[in-house]
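Please look over the sequence and the model below before reading the notes, which are arranged by topic.

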Amino acid sequence: MLAPGRGGLYVDATLGAGGHAEAILERGPHARVLGIDRDAEALDGARARLARFGDRVELVEANFGDLDEVLADRAAPDGIVADLGVSSMQLDEARRGFSFRRDGPLDMRMGRGGRTAADIVAAASVDELTRIFREWGEERMAAKIARGIVRERTRGPIHTTRQLARIVAAEKGGREKIDPATRVFQALRIEVNQELTALARFLAAAVARMNGGGRLAVISYHSLEDRLVKDAFRRDSGVCLCPPRLPQCVCGARAALRVLTRRPLRPSEAEQRRNPRSRSAKLRVAEKLAI
């Protein structure tokens, strides 16, 4: 969908292990890649993986939400890809604190610095925890879980992923097919990393900075991300998202994109068997109009 065979500059805005960047460089022999990631460890691994491409690759440690600043003194890209959320490397590393299946410190930071999940769990009020779980995790039992966490932390600090997972499971009971901690961990991760705020900034910068004919591809994994991407693509393709009662458009709808995926592309059954973590992935792609 990115069509790297045309050559030009392509941005992998969430570089991770470098798989997307590698595929772009292999399929586009005249393409260059600017790889961005806020995770210094991921950049080190990707640097080794992509070393064979020499000066066709440039790597930058930055938040993908800062795309506008990163591209300020660089050429306009012909394609941009973002693979949202936490990476497999981060999930598999217990010390990063992203997974309720592995015991580790309750951290969840994708970059260096800032509040950890433990900081939020230790200091946030019942109302604030409820808001986080409800808004970012779409958790129906948000208030009950928040009260349980505040009650438990009076008995001692909540430092580890297993501690938190046990508290959530005790409050929810065994009523769901997914692990009871899934939505709470998602919500805390989004809050710690301010992921949806960064995504909104990224989408605006990507459209503004790309060359005409450039393509933007975004892979999302849950409804909050996908809704934000879908609405941005619709608005930037000229569809007004304002309530019908408003006398004029205030959402900023404009014809800047042509959406190439009427419905999001989903992984095949074969791909899901090869890579179970892909099962919830949705790919949306749009092309910038030559204005």
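The briefing covers the sheet, the helices around it and the aromatic pairs.

This is a predicted model, in which local features need pLDDT of at least 70 and side-chain atom pairs count only at pLDDT 80 or more, while totals for chains, interfaces and linings use all residues. Residues are numbered from 1 along each chain as its sequence is written, and side-chain values use heavy atoms, with hydrogens and water left out.

- Strand β2 (residues 31-37) has six of its seven residues buried, that is, under 20% relative accessible area, with exposed meaning over 50% and partly exposed in between (1.4 Å probe, protein chains only).
- Strands pair if DSSP finds at least two bridges between them; β2 is joined in parallel by five bridges to β1 (residues 8-12) and by five bridges to β3 (residues 57-61).
- Leu9 stands opposite Arg32 in β2, and Ile36 stands opposite Val60 in β3.
- Strands β4 (residues 79-83) and β5 (residues 215-220) run parallel with five bridges, and Asp83 has Ile219 in β5 as its bridge partner.

**Helices and the sheet**

- Helix α1 (residues 19-27) makes a right-handed β-α-β unit with β1 and β2, right-handed meaning that, with the strands pointing away from the viewer, the path from the first strand over the helix to the second runs clockwise.
- A right-handed β-α-β unit is also made by β2, helix α2 (residues 40-49) and β3.

**Aromatic pairs**

- Two aromatic pairs are found in the whole structure, counting rings of Phe, Tyr and Trp (its six-membered ring) with centres within 6.5 Å, and calling planes under 30 degrees apart stacked, over 60 edge-to-face and the rest tilted.
- Phe64 and Phe202 form a tilted pair, 5.2 Å centre to centre with 35° between the planes.
- Phe64 is buried at 12% relative accessible area, and Phe202 is buried at 0%.
- Phe100 and Phe185 form an edge-to-face pair because their planes stand at 85°, with the ring centres 5.4 Å apart.

Technical notes
Helices (H or I, at least four residues) and strands (E, at least two) are DSSP runs, numbered from the N terminus.
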